[in-house]
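Have the structure open as you read.

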Amino acid sequence: MGMDDITGHLVLVMAPSGSGKGSLLAHARQTFPELYFAVSCTTRLRRPGERDGETYYFLSDVAFDEKVRAGEFLEWAAFGGARYGTLFSEIVEPLYAGKVVIGEVELQGILALKEKIPATHRTIVYVDAGAWDALERRILARAPIAPEHLALRKERYRAESQWKAFADIVIENRDGRLCEAQQAFQELLAGILARTDRTEV
């Protein structure tokens with residue numbers, strides 16, 4: 001089977017750190033239990049409250065290398081001293097099964113998946129939380145972070161902000177407007193689920 005044979009739909013969510021992306025995804029998970037949330041792999045350390053197999057598959061460098069050699073990744077990239085990868089089994093297999101798949105992917109992953117998944121079966125969402133100053137406040141309030149890591153986040157923010165224009169949908173999530181952002185994301189997903197259900201009939 002080729003990529004043109006998929007019947008599901010892939011929603012790729014891209015956002016700088018501190019944008020509130022996690023809150024939007026958590027709300028979507030509660031609202032639409034039929035969604036398939038793809039879990040990415042990473043070599044970074046697990047943060048407090050994160051669960052293996054739910055937030056990420058947390059892998060050692062050796063285990064990550066083994067998956068690369070075995071061709072298990074649809075795409076993978078390095079950022080901030082860690083590697084992140086999207087497993088073929090987490091994206092393509094549920095798409096063949098007609099699922100609406102939510103993927104939280106790094107910028108390089110977005111570009112790779114754009115080339116592999118037909119445009120009619122994917123939607124790229126960018127979460128815009130405003131200028132860097134607002135994001136910096138959110139990041140610092142969430143957990144302690146080393147200055148050099150904060151600088152990397154700022155560099156990443158500048159790079160990803162340039163790709164806002166290439167997203168299919170932009171969800172505004174400014175300070176104090178989370179409910180509105182959740183509603184916009186909910187309406188988007190409801191429409192995609194409805195279209196996908198009709199395609200399956």
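Start with Leu10, which is buried at a relative accessible area of 0% (buried means under 20% relative accessible area, exposed over 50% and partly exposed in between, with a 1.4 Å probe and protein chains only). Keep in mind that this is a predicted model, where local features need pLDDT of at least 70, side-chain atom pairs count only at pLDDT 80 or more, and totals for chains, interfaces and linings use all residues. Residues are numbered from 1 along each chain as its sequence is written, and side-chain values use heavy atoms, leaving out hydrogens and water.

Leu10 sits in strand β1, residues 9-14 (helices, H or I of at least four residues, and strands, E of at least two, are DSSP runs numbered from the N terminus). What does Leu10 contact, once its neighbours within four places in sequence are set aside? The partners are Ile91, Leu95, Val101, Gly103, Ile117, His121, Arg122 and Thr123, where contact means heavy atoms within 4.5 Å.

A nonpolar core here is a set of buried Ala, Val, Leu, Ile, Met, Phe, Trp, Tyr and Cys residues joined through side-chain atoms within 4.5 Å.

Val11, on the other hand, is in the largest core, which has 20 residues; Val11, Val13, Leu35, Ile102, Phe185 and Leu189 touch the most other members. At least two residues each come from β1, α1 (21-31), β7 (100-104), β8 (122-128) and α7 (178-200). The largest share, six residues, is from α7.

Now for the cysteines. Cys41 is buried at 0% relative accessibility, while Cys179 is exposed at 63%. Searching the whole structure turns up zero disulfides, a disulfide being a pair of cysteine sulfur atoms within 2.5 Å.

Zooming out, the protein chain has seven helices and nine strands, and 45% of its 201 residues count as buried. Its radius of gyration is 17 Å, which agrees with the value near 17 Å for a compact globule of 201 residues (taken over C-alpha atoms; the globule rule is 2.2 Å times the number of residues to the power 0.38). Among contacts with a separation of 6 or more, 69% link residues 24 or more positions apart.
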